[in-house]
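This report describes one protein chain, starting from a single residue and its neighbours and moving out to the chain as a whole. The sequence and the structure come first.

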Amino acid sequence: MTLPKPGTYYFPWELSAGQAPDGGALRTFGRLSLCDMAESRATLTAQHGSEQHQVLVCTKLVEPFQAQVGSLYLVLGELEQQQGRRVVRARVLTCVEGLHLPLLERAVAEQRLYRRERERERAGP
C-alpha cells in the first residue's frame, strides 16, 4: 500500500481561478464560514486583494470535528468534481487559528521558488 502524496499548496484564489488539477493532492486554507454537518460540507473563505474567494470542502472523511465558524483552517485533500462544482475532499481539516497568514504565503512562495530552481538544476544545461 502506498501513502497518498503530501499535497501541493494552492492559495484559495488559485483554486478559484482553476489553477489546480482535479484529482491532485493539495493543501489550502481559509476561514470557516459555513459548516453543514448534515451534508458533510464546509466552506472556507479567504480575502485576496479586494476579492473574497471560497473553497468548498467535503468533510465526510474527517467527521466528526469541532467546527469553529470564523476560525482559520488548513485542509489537506484531493480536488474533485461533485455536482458540477470543484470540491476539496478533506483527509485532514485542522484549525490553525493564530497562524500568521502573510508568513505562510511567503513560505509557500519560497518553497515554489526552491522547487523551480531545483528542477532547473536537474534538467541541466
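Trp13 has a relative accessible area of 13%. Residues under 20% count as buried, so Trp13 is buried in this model, which is a predicted one.

Trp13 also takes part in an aromatic pair with Phe11. The ring centres of Phe11 and Trp13 lie 4.9 Å apart. The planes of these two rings stand at 10 degrees, and planes under 30 degrees apart count as stacked, so the pair of Phe11 and Trp13 is stacked. Phe11 is buried as well, at 9% relative accessibility. Together with Phe29, the residues Phe11 and Trp13 make up one aromatic cluster.

A further aromatic pair joins Phe65 and Tyr73, and this pair is edge-to-face. Its centres are 6.4 Å apart, with 75 degrees between the planes. Phe65 counts as buried at 13% relative accessibility, and Tyr73 counts as buried at 1%. The structure holds four aromatic pairs, among them the pair of Phe11 and Trp13 and the pair of Phe65 and Tyr73.

| Residue | Relative accessibility | Class |
|---|---|---|
| Phe11 | 9% | buried |
| Trp13 | 13% | buried |
| Phe65 | 13% | buried |
| Tyr73 | 1% | buried |

How many helices and strands does the protein chain have? The chain has two helices and six strands. Read from the N terminus, the order of these elements is β-α-β-β-β-β-β-α.

The next values concern the overall dimensions. The radius of gyration of the protein chain is 15 Å, which agrees with the value near 14 Å that a compact globule of 125 residues would have. Along the principal axes, the C-alpha atoms fill a box of roughly 55 × 40 × 25 Å.

Of its 125 residues, 37% count as buried. Among the contacts with a separation of 6 or more, 53% are between residues 24 or more positions apart.

Note on methods
Residues numbered from 1 in each chain as written. Predicted model: local features only at pLDDT ≥ 70, side-chain atom pairs only at ≥ 80, totals over all residues. Heavy atoms only, no water. Helix = DSSP H or I, 4+ residues; strand = E, 2+ residues; numbered from the N terminus. Rg over C-alpha atoms; globule rule 2.2 N^0.38 Å. Buried < 20%, exposed > 50% of the residue type's maximum accessible area, 1.4 Å probe, protein only. Contact = heavy atoms within 4.5 Å. Phe/Tyr/Trp six-rings, centres within 6.5 Å; stacked < 30°, edge-to-face > 60°.
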